[in-house]
Amino acid sequence: MKKVVVLNASPRKNWNTAKMLKEAQKGAEQAGAEVEYIDLVNLNYKGCMSCFACKRKGAITNGLCAYKDELRPILEKILNANAIIIGSPIYYSFPTGMFRNLLERMLFAAGTYLKDEETGWSKRVLKRNIPTGLIYTMNVPENMMAHYNYDTILNTTEWTVKTIFGYAETLNSYDTYQFNDYSKYDCDVFDEKEKAKHRDKQFPKDLEKAFDLGKRLVEIE
Ligand SMILES: Cc1cc2nc3c(=O)[nH]c(=O)nc-3n(C[C@H](O)[C@H](O)[C@H](O)COP(=O)(O)O)c2cc1C
C-alpha cells in the first residue's frame, strides 16, 4: 500500500491549513494510500544545525538528516513515503518557522554539494521522486500575490523542493477567515462580511482542490 505523510505547519490544529490538509488526506486515501497526519506543533525540533554531517566524505545518510531530535523519525517517514503534503499559513510573507525548519532539515540532507555534469546542478541523493504537495493559506486575496512578492517566494520554494525531491505542486487558499467571531477582536483592516462571503463561496472550492491534489500525488508514482 502506498504511504503518504501529511504535515501541518500551522500552530492551529483545526483551522484553514488543517482543513485543507485533511481534505488532501481524504483525496490520498480515496486513491488507496495509507496516510499519516502529523501536527508539527506537537514536536520539539530545530532547523538545520549546519553540522554538515550529511556532506562529510564517505557519509552514507541516504538523505536522512543526522541531527537527533523529535523531527528525525518524521524525516525518516518522509523518505519512505510515496508522497508528502505540507501545509502552512503565510506569516509575514513567508511560510511559518515550523515549515522552514522542516524544509531545511528535509532538503539539505537530501541534497549534495557534488556537481552533476549532466544538469550542471547538484547531484541528487534520492533514487526516486517523492511527489510533494505544498499547501498555503493566507489573508491576502489572490490579486495581491504579485504585489507582495508572494508568488516569487512560493515559486522559489516549489522550485527548490522540485530540484531535490523531483516533483512539487503548490496550492494556495487566499483571503482566509481568521477568527470564529470577528466582533471579539480589534480588527478593522479586514471586512468581516467580505471574508465570510469568500469563506462560504471560495473556501469549499479550495477544499475540493486540496482533495484533488492529495489524490493526484498518490496517482503520480
Ligand atoms: C503571526 C501571523 C502573521 C501573518 N502574516 C500574514 C501575512 O504576512 N500575509 C498573509 O496573507 N496572511 C498573514 N497571516 C494570516 C494567516 O496566514 C491566515 O489567517 C492563515 O489562513 C492562517 O492559517 P490557520 O488558519 O491554519 O492558522 C498571518 C497570521 C499570523 C498569526
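This is a predicted model: local features need pLDDT of at least 70, side-chain atom pairs count only at pLDDT 80 or more; totals for chains, interfaces and linings use all residues.

A residue is taken to be near a molecule if one of its heavy atoms lies within 4 Å of it. There are 17 residues around the ligand, and Thr17, Ile90, Thr137, Tyr150 and Thr176 come nearest. Residues are numbered from 1 along each chain as its sequence is written, and side-chain values use heavy atoms, with hydrogens and water left out.

Staying with the ligand, a backbone N or O atom of Tyr92 lies 2.9 Å from one of the ligand's nitrogen atoms, whereas for Asn139 a backbone N or O atom lies 3.0 Å from a ligand oxygen atom, and for Val140 a backbone N or O atom likewise lies 3.0 Å from an oxygen atom of the ligand.

Now to the helices (DSSP runs of H or I, at least four residues, numbered from the N terminus). Helix H1, residues 16-30, packs against helix H6, residues 203-220, at an angle of about 40°, with axes 6 Å apart, the axes being lines fitted to C-alpha atoms over the stretch in contact, and angles running from 0 to 180 degrees between N-to-C directions. That makes H1 oblique to H6, since angles under 35 degrees count as roughly parallel, over 145 as roughly antiparallel, 65 to 115 as roughly perpendicular and the rest as oblique.

How values were computed. Helices (H or I, at least four residues) and strands (E, at least two) are DSSP runs, numbered from the N terminus. A polar contact is a pair of N or O atoms within 3.5 Å; within protein, one must be able to donate a hydrogen and the other to accept it, and residues adjacent in sequence count only if both atoms are side-chain atoms.
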